[in-house]
Amino acid sequence: MDEQEVRKLLSSIPDPRLGNDIVSLGLVNSISIEESKIKISLFLGAPYSSEEQSIAQQIRALFSDSEFHIDISARAKKNVSPEDDLLPTVKNVIAVASGKGGVGKSTVSVNLATELSRLGARVGLFDADVYGPNAPRMIGHSGQPLETKDGKIQPPEQFGVKFISLGLLVGENDPVIWRGPMVHKIISQLLSDVNWGSLDYLIIDLPPGTGDAQLTLLQIVSVTGAVIVTTPQSVVLDDAEKSLKMFDRHGTPTLGLIENMSGFTCPSCGSTHDLFGKGTSEDFANKLELPFLGRISIDPLVRKGSDEGFPAVLNPDSTAQGDFQIVCQNTINNVGALIRKLHSDNYAD
Ligand code: ADP
């Protein structure tokens, strides 16, 4: 088989989102054939996403009788040269935001990171919630980070997630009053001083609202995309709209909206009660032409898991386990679609 034939075969594979085949979209980076070994390098962006895994599977099926190797080599970050990139070894940065506190933003961040790690991805979690840094409790690890030989911070690891939180440095329950410039300084220092190593995904748990910490992050880090966590109450949705506008102003794509605390299935009677309303977040997402990433039900095991440091996404008894898994796949499938689109637009120019 020569390169031409390989390319022709690859052009039978459609991109699941972009309405064309992977060759026409410029997603095939290179093909090399040495002896009988075919090497294909693709521009894909979201490791462990079901849609990109399906592309890889279809390629494997085409070449099932030859020895071959797929290599993924997309560079996702837009508008940042490798020299200016504060996080050069991190492929994708996902910011988790909410307009208001208490909607489950940190819970979603921790469960997303844990699920990505369970899938096999290299994951980091940066708890930038300077006003309530509770990731250490939620992920069940409060050991001090160590210092590396070159003076960097080695993040502790739990459930395969490397994480860093102000809560590890100042204590979760110490009241901390941060003024704007301090927030800017601590966040930029923490982010760049941490020895993240190579990561597929870095999840950033933002503080609620649209204040200094969020702006700092958007200025210094190239965020691949943001997800916004809401509950079905309309007052929370109004606040979510403010976050959305903030991301828009900074040119950060929004990957979609997650509705948390979305109905409670009573363990005694088995029926579902919509404690905070129903369907509002999806309508809101549609109105703003935003992807809706899914609903996470209210489950006491989610709260218990957060308090005891065992994320519900690892707990088969939790009714929210599957919800978190779906939301995670929808999120990273959107990351992949976004990056492939960026790449194919550049290819077309
Ligand atoms: P935020 O980061 O938005 O302030 P948290 O993630 O700290 O919110 O969640 C607030 C509280 O709600 C926590 O006690 C958490 O365990 C609980 N919680 C969050 N999501 C759920 C859910 N789906 N079911 C039950 N409890 C939840």
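Here is a friendly walk through some labels and the values behind them.

Analyst: One note before we start: this is a predicted model, in which local features need pLDDT of at least 70 and side-chain atom pairs count only at pLDDT 80 or more, while totals for chains, interfaces and linings use all residues. Residues are numbered from 1 along each chain as its sequence is written, and side-chain values use heavy atoms, with hydrogens and water left out.

User: How many helices and strands are there in the protein?

Analyst: There are 11 helices and 14 strands. Both are DSSP runs numbered from the N terminus: a helix is H or I over at least four residues, a strand is E over at least two.

User: What makes strand 1 and strand 3 edge strands?

Analyst: They belong to an open sheet of three strands in the order 1-2-3, with mixed pairing. Strand 1 (28–34) and strand 3 (67–72) each pair on one side only, and that is what makes them the edges. Neighbouring strands here are turned by 15 degrees against each other on average, direction ignored.

User: Which strands does helix 2 lie across?

Analyst: Helix 2 (residues 50–62) lies across strand 2 and strand 3, at about 160 degrees to strand 3. Helix 1 (residues 3–10) lies across strand 1 and strand 2, at about 140 degrees to strand 1. Such angles run from 0 to 180 degrees between N-to-C directions, with axes fitted to C-alpha atoms, for helices over the stretch in contact; contact means heavy atoms within 4.5 Å.

User: Why are Phe159 and Phe310 called an edge-to-face aromatic pair?

Analyst: Rings of Phe, Tyr and Trp (its six-membered ring) pair if their centres lie within 6.5 Å; planes under 30 degrees apart count as stacked, over 60 as edge-to-face and the rest as tilted. Phe159 and Phe310 are 6.0 Å apart centre to centre, with 70 degrees between the planes, so the pair is edge-to-face. The two residues are 151 residues apart: Phe159 sits in the loop between strand 8 (157–158) and strand 9 (161–165), Phe310 in the loop between helix 10 (300–308) and helix 11 (321–348).

User: Why does Phe159 count as partly exposed?

Analyst: Buried means under 20% relative accessible area, exposed over 50%, and partly exposed in between (1.4 Å probe, protein chains only). Phe159 has 29% relative accessibility, so partly exposed is the label. Phe310, at 37%, is partly exposed as well.

User: What makes strand 10 mostly covered?

Analyst: In strand 10 (residues 199–205), seven of its seven residues are buried. Strand 10 pairs in the parallel sense with strand 4 (residues 90–97) over six bridges, and Val93 stands opposite Leu202. Strand 5 (residues 123–127) also runs parallel to strand 10, joined by five bridges, with Asp127 opposite Asp205.

Definitions and conventions. Two strands pair if DSSP finds at least two bridges between them.
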